[in-house]
Amino acid sequence: MAQNRKKTGTQLTGRIVFPDNPSYNAARMEFNRRFSKFPRVIVFCKRTQDVINAVKWARERGVRLRVRSGRHSYEGFSTVNGGIIIDVSEMNKVKVDRKNRVAIVQTGNPLARVYRKLWNKRVALPAGTAPDVGVAGLTLGGGIGLLSRKYGLTCDNLKQVKMVVASGRYGAKAIVANRRINSDLLWASRGGGGGNFGVATAYTFRVRPISSVSIYSITWKWADLEKVLPAWQRWAPSVTNRLTSTIEVAAKQVGTIVSTGQLLGGAEELRRLIRPLLRTGTPVKVMVKTVPFIEATRFFAESDLNLEPKFKITGAYGFQPLPREGVRIIRDFLSKAPNRHSTVWSQSLGGAGSAVSRVAATATAYPHRKAEIIYELSARWRNNNEQQRNIRWVERFRRALRPFVKGDYVNFPDLQIKNWPKAYYGGNFRRLKQVKRKYDPHNVFRFAQSVPVGKQDRK
């Protein structure tokens, strides 16, 4: 194979980090320290041409490539041994047109920077809570957050994507996908997962005017679990779609249950809306206040800071409240958690005219439109000798809950899910394979759970 490759090689451009560079160790690190891989080269692209050159360079030499923005791939899909990492994190411009309610956001931006730049113009984009998550992968997988029930997923607000795709035998080119041009690629970029079709370099989003919001936090003790969790699950999808909320049940060693949420409205209305929660069990701590939206993003980001460096996460969707047996499974697993850093976190998505559930399951690649709740089961640790115990606990937990939940969110990938195409994409997987075949027929952009090149449909 090697002798057929082009003799004249494309040169890498951008900030190039080889293994002998002093910054190589920092440059190769993933957010999830469970993964430690040693790429042949890491290219920090400054402009689109750097991305094109990197893809060409990899193809000419037969070198495997991975695409990276915020390094937050839970299963380490954005790193590789012996290959090239194409990193867009230094492409981080944000341009806001408030009059037309549009923002052009380069894909290297972390969420904290996106929120800050948009806030300067008093607009917002529905997106996640972790401040250092890259906007690139978040959007491509869907993008859930505390404005979702009112304004939809991040991908629902994506109007256009600029992407570098493989071209011909060894080439690469930049293309645009919107409603008029390459509309099938825009469809796939709205929930089809990161790194599957090419390297996204810029997004055009619809943004919403915003000023202040009201936020709440309620804490209960562990003993209230079997009262509080069912109450929240009934309440969260039925309340106004201007209120998106979360609940996190910590390991029994920690012994707390915390619900938080954000309302597009005032504190007085929020106090009234959360009454059903306040009447449940015995809350030990309650906070309700109105704050500037940017302050709310910082409040919700706090729970994503100072976490243990290694983790295993899996996800699932709830289409109705858990029955008593499902709640008991959560109690039992968190009673025997591998350590105090194990949790079950949930967020409301659907119900009560939610913008998420108003979109048809096939209108975007993200199929889980009727789900009322998303779950994230997580275990975190520091030392390698704890790893197997933690991973096994998450896997057993997922299996135990399976009778009561469905599927998984592609941004919570899990290598232990056997039928991952159905779990992530449901009925949209076939169309995703067709898009893959059209834009990446040589399967240049591949990893353990990438969309495969579909077979040609017989006429």
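A contact here means heavy atoms within 4.5 Å. By that cut-off, residues 24 or more positions apart account for 74% of the chain's contacts with a separation of 6 or more. The model is a predicted one.

Start with the overall build. The chain holds 14 helices and 18 strands. Its C-alpha trace spans about 75 × 55 × 55 Å along the principal axes. The radius of gyration is 22 Å. A compact globule of 459 residues would have a value near 23 Å, so the chain agrees with that expectation.

Of the 459 residues, 59% are buried. The accessible surface comes to about 19,500 Å². Carbon and sulfur atoms supply 49% of that area. As for charge, the chain carries 82 positive side chains and 30 negative ones. The centres of these two sets lie 6 Å apart.

The spacing along an α-helix matters here. With 3.6 residues a turn, residues three or four places apart point the same way.

What lies over that buried set?

Methods: Residues are numbered from 1 along each chain as its sequence is written. This is a predicted model: local features need pLDDT of at least 70, side-chain atom pairs count only at pLDDT 80 or more; totals for chains, interfaces and linings use all residues. Side-chain values use heavy atoms; hydrogens and water are left out. Helices (H or I, at least four residues) and strands (E, at least two) are DSSP runs, numbered from the N terminus. The radius of gyration is taken over C-alpha atoms; the globule rule is 2.2 Å times the number of residues to the power 0.38. Buried means under 20% relative accessible area, exposed over 50%, partly exposed in between (1.4 Å probe, protein chains only). Accessible areas come from the Shrake-Rupley method with a 1.4 Å probe; for residues, only the protein chains shown count as cover. Lys and Arg count as positive and Asp and Glu as negative; His and the chain ends are not counted. The place of a charge is taken as NZ of Lys, CZ of Arg, CG of Asp or CD of Glu.
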